[in-house]
Amino acid sequence: MKIVWASPPNFVYDQTPHYFQALFSAGGAYLRKRFMQHRVVSEAAGFHGGVERVILRHFACHEPADYLVIWSRPWEAQAARRLATEVRQLSPGTKILVWGEACSYFPHYFEREPFDLYAINGDPELVIADAIEAWEAGRDPQHGVSFQKDGRWQHTEKGHILDPSEWEFPDLAAIDGSVYQYWRKQRGQKVDDLSFAVSRGCPINCARWCPTPRKEGTIDRRRSPRDTVEYMRVLPRPYAMFQMHSPLFCMDSDWVDEFIELKAEIAPDTPFKVVDLMNPYADEGLVARLASVGLKNVGFGVETLSMKGRHMIPKMEPSLLEKVAANLKKHGVSSKAYVQMGLPGQSREDILYTLKVLIELGLSPRPTGSTPFWKLAKMTVEELDQTDLTKWDRKSYFDPRIGLSYREFLAIVHDVKGYLKDNQEILKWVA
Ligand code: SF4
């Protein structure tokens with residue numbers, strides 16, 4: 001049996017390499033472990049800028065692969081379908097499976113030819129491996145998927161989850177380091193990060209359309225602190241820092257205490273960065289302890305402040321923000337404060353005010369558009385076919401109703417400090 005684990009060729013600006021490392025390449029590594037007697041090939045064409053033929057060659061040969069598993073985020077859905085259509089023509093016997101956020105937001109898009117199965121929930125690598133195993137044994141898939149049988153779509157029970165000890169680490173061979181560096185430079189980043197899964201699931205479940213609880217569930221599940229720290233002993237080249245792939249790094253305080261203790265003992269100097277809620281970093285003692293074992297950067301969602309004190313989501317206490325900013329500065333930890341442009345009820349002045357406040361506090365805003373994937377969920381398949389989905393990534397999707405011109409939107413996304421510096425009158429206006 002041969003399985004091709006692929007991301008479809010599709011160039012977008014925001015390639016989010018850490019998703020490729022922690023989800024795509026680690027998922028392929030899991031399948032390789034599950035099917036040791038068989039061949040599992042990873043083709044990260046969407047990351048490498050590979051052309052379709054890189055993948056098609058596995059199906060145009062004497063013994064075409066038995067399974068094509070495509071990872072599709074919303075902006076890749078049409079590329080996924082193009083690839084699937086070509087593969088169906090070349091090799092009608094190949095089963096074509098698809099997983100990823102596109103399946104969470106608009107599953108109906110995939111409920112048609114040439115797809116045989118799409119993953120809905122559960123840990124995708126487990127759900128997909130179990131479905132393949134079932135088909136190989138002549139049975140139907142049992143959980144976490146919808147699949148086509150005799151021209152009809154069948155739905156299964158909720159997807160199962162893996163014990164975190166079975167989450168694989170990134171497959172370094174799946175992503176070419178030189179391509180990684182090329183993309184990193186294009187995105188203006190200074191450091192190469194190696195991302196791996198530390199936790200999955202978000203109990204906060206604060207935003208109805210946030211993909212994390214939909215994909216990973218609402219229970220915080222984590223790799224053991226020891227497995228985490230053991231992996232961090234050695235940072236492979238060309239990477240200069242670990243990125244802990246986790247929606248809420250400090251959610252479990254016992255886990256964090258044990259992590260700090262082991263990190264100090266086993267890999268005290270390996271630098272790392274995290275993504276989290278902002279609140280835990282108001283505790284100076286915690287910031288100091290994390291910084292002492294290599295924490296270099298924290299990314300957290302501010303999303304928006306309200307210039308006129310309206311109740312916005314989330315309700316942000318400026319005093320908390322000040323405390324966090326002071327603690328991070330004191331302990332030499334840099335920040336990435338995520339800001340969304342285009343949230344319901346948000347005005348142009350709110351956006352500019354938010355950016356100004358963050359910069360004045362010494363925090364680094366990371367503005368993106370607010371991509372309304374819920375709109376895609378409500379579209380018919382015909383409407384989805386007629387929509388250019390490649391524009392639905394968070395740095396390309398632009399809705400003029402946010403009150404900014406397209407020029408301003410792009411200027412803010414790509415160089416917010418430069419934008420504010422060039423527009424001193426705006427700073428005065430929101431002062
Ligand atoms: S806390 Fe973050 S990850 Fe969790 S639901 Fe809210 S936005 Fe999503």
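Tutor: Take helix α1, residues 17-34, and helix α6, residues 124-136: their axes come within 9 Å and cross at roughly 35 degrees. The crossing is right-handed. On the α1 side, the contact is made by Gly 27, Tyr 30, Leu 31 and Arg 34. On the α6 side, Pro 124, Glu 125 and Ala 129 make the contact. By class, that gives four nonpolar, one polar and two charged residues. An α-helix has 3.6 residues a turn, so residues three or four places apart point the same way. This is a predicted model, so read every value here as computed.

Now α6 alone. Helix α6 has 13 residues and reaches 18 Å from first C-alpha to last, close to the 18 Å expected at 1.5 Å a residue. Its buried residues are Pro 124, Glu 125, Leu 126, Val 127, Ile 128, Ala 129, Asp 130, Ala 131 and Ile 132. Glu 125 and Asp 130 are among them. What lies over these residues? The cover includes α1 and the strands β1 (2-7), β3 (67-71), β4 (95-99), β5 (117-119) and β6 (145-149). Just after α6 comes Gly 138, with a positive phi of about 80 degrees.

Pro 114 sits in the loop between α5 (101-105) and β5. A cis peptide bond joins Glu 113 to Pro 114, with omega about 5 degrees. Asp 150 is in the loop between β6 and β7 (152-155). Its phi is near 50 degrees, a positive value in a residue other than glycine. Is Asp 150 buried or exposed? Asp 150 is exposed, because 5 other C-beta atoms lie within 10 Å. As background, most residues other than glycine have a negative phi, and most peptide bonds are trans.

Pro 238 lies in the loop between α9 (225-231) and β11 (241-245). Glu 303 has a positive phi near 65 degrees, and is not a glycine. Glu 303 belongs to strand β13. Glu 303 is buried, because 20 other C-beta atoms lie within 10 Å. Gly 301 is also in β13, which covers residues 295-303. Gly 301 counts as buried because it has 20 C-beta neighbours inside 10 Å. Gly 301 and Lys 336 are 35 residues apart in sequence, yet their C-alpha atoms are 8.4 Å apart.

Helix α13 has 13 residues and reaches 19 Å from first C-alpha to last, close to the 18 Å expected. Its buried residues are Asp 350, Ile 351, Leu 352, Tyr 353, Thr 354, Leu 355, Lys 356, Val 357 and Leu 358. Just after α13, Gly 362 takes a positive phi of about 85 degrees.

Last, the whole chain. The chain has 18 helices and 15 strands. Of its 431 residues, 42% count as buried. Among contacts between residues at least 6 apart in sequence, 75% join residues at least 24 apart. Its C-alpha atoms fill a box of roughly 65 × 50 × 40 Å along the principal axes. The radius of gyration is 22 Å, which agrees with a compact globule because one of 431 residues would have a value near 22 Å.

Terms used
Residues are numbered from 1 along each chain as its sequence is written. This is a predicted model: local features need pLDDT of at least 70, side-chain atom pairs count only at pLDDT 80 or more; totals for chains, interfaces and linings use all residues. Helices (H or I, at least four residues) and strands (E, at least two) are DSSP runs, numbered from the N terminus. The expected span of a helix is 1.5 Å times one less than its number of residues. A residue is buried if 20 or more other C-beta atoms lie within 10 Å of its own, exposed if 12 or fewer, and partly exposed in between; C-beta atoms are placed from the backbone. The radius of gyration is taken over C-alpha atoms; the globule rule is 2.2 Å times the number of residues to the power 0.38. Two residues are in contact if their C-beta atoms, placed from the backbone, lie within 7 Å. Axes are lines fitted to C-alpha atoms, for helices over the stretch in contact, and angles run from 0 to 180 degrees between N-to-C directions. A crossing is left-handed if the near helix is turned anticlockwise from the far one by less than a right angle, and right-handed if clockwise. Ala, Val, Leu, Ile, Met, Phe, Trp, Tyr, Cys and Pro count as nonpolar, Asp, Glu, Lys and Arg as charged, and the others, Gly among them, as polar.
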